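Dear colleague,

I am handing over the structure below, and my notes on it follow. Please read them alongside the coordinates.

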Amino acid sequence: MTAALALARSGFRVVVLEQAERLEETGAGIQLSPNAARTLIGLGLEQQLRAQTVVPAALRVLSAQSGREIVRMPLGEAAAQRYGAPYWVIHRGDLQATLANAVAQTSSIALKLGTRVEDFVVQTNGVTVSARSAAGMLREPGSALIAADGLWSATRKRLGHEASPRFVQRAAWRALIPAKDVSPEFAEPLVRLWLGPAAHLVHYPVKGASLINVVIIMDDTWNAPGWNEPASRVDLLRRVSKRDWAPQALTLISTPESWLKWPLYDLQPIQRWSQGPVALLGDAAHSTLPYLAQGAAMAIEDAAVVAQCLARMPDDPTAALRTYWAARHARAYKVQRLAARNGARYHQGGVRAMVRNLAMQALGGARLLHHYDWLYDWRPPATLSLT
């Protein structure tokens, strides 16, 4: 929907084909760092999003075993001043609803729910998409096709990329906890990251601090097919070693009765995201592990750049989409690589964990934030070149 809004602002008529029958408030929290927030603000969504977001004052990195703070990286006003855009956390359903409302108010966008893309044919004047809905088959012609169909993208395979996502021997568990059910400290506007051996925990408030978004990622061999699977508190605590977690963290993860768990996969970088007038976007092109909190942000950046490229070369979508890939691939691959590296560091134990913690303490919170300037200070490129 971000791509549709960006394209519509550039003068295109856009048809969004979505296989879900309806848009529901699913998922949990998302971090929108300044690179993503800036793009959404540029689409005119600032007022709507500010009413739905929490602005964390800082990222607190903690030792899971001792509960002691390792480093505190300033966010809030410090990030807004440094990058000219806020750092937000938001419930995924609130972000989706904001985008869907904007789409509904944009006459040049048609959102077709319950419509599953099955194939496409490239022609001399563009591309025709074949899709199936409850009413039967439909064919939708267009000048270009942007496929944001996720990690298990069928379009990626259709473009000739046969490699499948690879299970990384980890699973993520997520839950939403009513703030009234836990200590008031957990509703403070902070992102807390607890680093433990073979596991880490992230939590922050959403929904006006009425809910606490909790995610714990652990080494695991479970990789059942599907997006996620319901789980219970008993299932989770059976996998948690009490000696590895401070009482505050144990109290938090012992609170929810119901969890959702999902296996983590990565995708090796692919050579090209575009072929003729067809291109991939977001996880379909460059699925990113969650250790930099950049999965959503990378897709939002893609949306801005693909719209920019098509707007500059509206009569040559093939060249426009090659330019889009040329502008995006190095940055997206860097994020993929550094996210995976963070994942290895987060789950260290023993001497390696001690060295990691000492290094973060020596760096300090302000310099740690500056370390991410390359990531958070991103803007769409002023010039674009075809390679």
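Which residue in strand 9 is the bridge partner of Arg132? The partner is Met137, where strands, like helices, are DSSP runs numbered from the N terminus (E, at least two residues, for strands; H or I, at least four, for helices).

This is a predicted model, in which local features need pLDDT of at least 70 and side-chain atom pairs count only at pLDDT 80 or more, while totals for chains, interfaces and linings use all residues. Residues are numbered from 1 along each chain as its sequence is written, and side-chain values use heavy atoms, with hydrogens and water left out.

Strand 8 (residues 126-133) is joined to strand 9 (residues 136-142) by seven bridges, the two running antiparallel, and a hairpin links them through two residues. Seven bridges also join strand 7 (residues 116-123) to strand 8, again antiparallel, with Val122 opposite Val127; strands count as paired if DSSP finds at least two bridges between them. Six of the eight residues of strand 8 are buried, so strand 8 is largely enclosed by the rest of the structure; buried means under 20% relative accessible area, exposed over 50% and partly exposed in between, with a 1.4 Å probe and protein chains only.

Two backbone angles deserve a look. Ala209, in the loop between strand 13 (199-206) and strand 14 (211-219), has a positive phi of about 65° although it is not a glycine, and is partly exposed at 24% relative accessible area. Ala293, in the loop between helix 9 (283-286) and helix 10 (295-312), has a positive phi near 55°.

Best regards
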